[in-house]
Amino acid sequence: MKDFITGNLEEIEFLDRDVFVKRLSGELSLGAGVLSYFSVKYKEGIKLFVFLLKKSGEIEFFSCKADSKMPSLTPFYPQLHLFEREISEKTGIIFEGHPLPNPVRYENGLTASSGSYFKVQGNEIHEVAVGPVHAGVIEPGHFRFQCLGENVFHLQIELGYQHRGIENAVISVDKKRMLPMIETAAGDTSIGHAWTYAKITEALCEVQISKRASFLRGAALELERLANHIGDLGALSGDVAYLPTANFCGRIRGEILNITALLCGNRFGRNFIIPGGVEYDVDDKLIKEIMSRLDSAYEDAVSAISLLWERKTVLDRFEKTGIVSLEKALKLRLVGPAGRASGIDCDLRKIFKSEPYEDFESEPLTLNGDVFSRAYIRWMEIKKSYKLIKNWLSRLPQGEITLEIGPFKKNSFALALTEGWRGEICHVCFTDDKGEISFYKIKDPSFHNWQGLAMALRNAQISDFPLCNKSFNLSYCGHDL
Amino acid sequence: MIKEILARIKQGYRTLPFPFEKIKLSERYKGYPKLDFSNLKESEIEELLSVCPNSCIYKDAGKINLDLGNCTFCAICEKKLPQAVKFSKDWSMAFSSREDLILSQDTKKKSYVLREEIRKLFGRSLRLRQVSAGGCNACEADCNVLGTPAFDMGRFGIQFVASPRHADGILITGPVSENMYTALIKTYRAVPDPKIAIAVGACAIGGGIYRNLPKVKGISEEINIDLYIPGCPPNPITILDALLRFIGRIK
């Protein structure tokens, strides 16, 4: 199956508002997940579009003309909560019955600290507000805890500080700026976002990239996953004051980034994936160097990370901390490692097996959604990524690395999906009657997962917040765009 | 405990030797550019001026300039016109003023001019509060990595601290989104005098890829930038080298 779809805009079924709502809730009740749900402004009014991933792996999509008031489905299907808030912020449509209709990005001169907050009442209840500037070298966001003593009843996360207006900008600025902007939608996921964008452009002009290019893209994406997962395990280790792994992994992560820099000169893989293929080729000498450096970094990672699973001091802090049950995870539709740690089998590489992941297999693990699970799943994925890279680079087919990208199909749409290191990346693009991009929607996996962090903190100790936060390690700018 | 010791022996001593001059980055690394526009035909000049995704190459008073402050080192210009722009392997880039980042073909590479009062105040101890204001987490990550054993900036007395109240200055990343504009100023004001400010990465220096967008405001004029470190993101060794030049540990 392909992890992208494309077609004429007219192929998107246009429904009556009530039929739309009914169909959407029907699909969601059957276990479909929302890939993207957004509004587009037309002269004749606002239209809503929804793209769903059905349990069978099929992608379903339909649209409707929006009214100024729509019934909110969030109370029944919490996975919609941010999508509805986003549509509401962009268009002014009111979703009646939404439990917390705050803006998502506070675009209109407000900041998150002026948003509305759930408040727990009681004599000994206290509220802790943190951010936007918080203790680490980290992006800004606002967190508000309702606590009784050390115990957290509720955590509300309000972001928007990082909002740069990328989605509007990519269609208004010079086309040359589009790729670098999308690469920095979440700068630690440059490869993931660039690949998704490239799939969109290739779908819109029906180009099939060479096997060589797709193997190289795969290697870069798995390097990105390796670097971030290793870094996260180090950071988790640091948060429970187990310093050997924290220090070792901090260095090994850098080494993986340096391997990415061997490919393209940039540690974050900027300008490696371009529409039509990849910008840089590799020769035998470079492959040999990448392989040998990867082997030694991997060996170091094995020795550093194995320590974690044997140390009681680590396990005692990881286990049963910040549990997100399978039931909650399914309702919120957590994606990526966070979803898999709660027991959802949600790897797009496995669902679509699109090139170069044709042989990708992963066994579902029995994990219970605690910090340990989110750490351990990363370890499993590190091992897998290493094998994938080795496999691709050792049998790299010959071929053109870049193909010409022609003009885009007119009045068309395209949706592309990529399993980035945080999970499901989804971009949607519309073209107009001249074949120019008229609409672009980016969804970073963090958009699904932030609420998972809030759930992990329910009835947890406030002192466990840094550890829980690190176990998700979500993107602020990917959410805020 | 024995396993930790064995792991430590296996990992080895990994801290980069100081000074860093001999460090070689990857073959494809792009550092300080060398410019030569003298043999360009009229059509090539036109191409050069339009090739940069970020419009960093422009004509001013008849002269062609490259704004290193907004440059992302993507090297698309080098690919199109290798005779005009050549990115070297020189990773040492630290600048004391915004003007120093505007390069023309006659510009000699400016080295950082040490200010004696900075050396006196912070030469042996510099505590920084990092503020990400619309940053994409790449500059942030490459600042964070300075605390790991490979770079170990702690050995030079430089450290990131949790509160502006404990800091000697702020290190800014990101193009400064509208929603972080006030928070950034407030953080700066919370740092006790005498204080410094450092801009890391193309976004912080000139807006980078995000310049001139309606939701991006740039650093307030109230904040006086003492050190500019270009890149997208700058390599960690570039950041560390610049910080050490700034406090007078490298001359």
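Predicted model: local features only at pLDDT ≥ 70, side-chain atom pairs only at ≥ 80, totals over all residues.
Side chains of opposite charge can pair when their charged atoms come close. Over all chains, the structure holds 57 salt bridges. One of them joins the side chains of A:Asp239 and A:Lys470, with an N to O distance of 3.0 Å. This pair links distant parts of the chain: A:Asp239 lies in helix H6 (residues 211–239) of chain A and A:Lys470 in helix H15 (residues 465–472) of chain A, 231 residues apart. A:Asp239 has 28% relative accessibility and therefore counts as partly exposed. The relative accessibility of A:Lys470 is 26%, so A:Lys470 is also classed as partly exposed, given that the partly exposed class lies between the buried limit of under 20% and the exposed limit of over 50%.

A salt bridge is also found between the side chains of A:Glu361 and A:Lys353, at 2.9 Å from N to O. A:Glu361 has a relative accessible area of 45% and is partly exposed. For A:Lys353 the relative accessibility is 29%, which places this residue in the partly exposed class.

In chain B, B:Arg115 forms a salt bridge with B:Glu117, and the closest N and O atoms are 3.2 Å apart. B:Arg115 is partly exposed at 27% relative accessibility. B:Glu117, at 43% relative accessibility, is likewise partly exposed.

In chain A, an open sheet of three strands has the order E8-E9-E10, and the pairing is antiparallel. Strand E8 (125–130) and strand E10 (151–158) of chain A stand at the edges. Each of these edge strands has a single partner strand, so one side of each is left without a neighbour in the sheet. From one strand to the next, the twist averages 20°.

Strand E9 (residues 142–148) of chain A pairs with E10(A) in the antiparallel sense, over seven bridges. Within this part of the sheet, A:Arg144 stands opposite A:Gln156 in E10(A).

Technical notes: Residues numbered from 1 in each chain as written. Chains lettered and ligands numbered in written order. Heavy atoms only, no water. Salt bridge = Lys/Arg side-chain N within 4 Å of Asp/Glu carboxyl O. Helix = DSSP H or I, 4+ residues; strand = E, 2+ residues; numbered from the N terminus. Buried < 20%, exposed > 50% of the residue type's maximum accessible area, 1.4 Å probe, protein only. Pairing = 2+ DSSP bridges. Axes fitted to C-alpha atoms, helices over the stretch in contact; angles between N-to-C directions.
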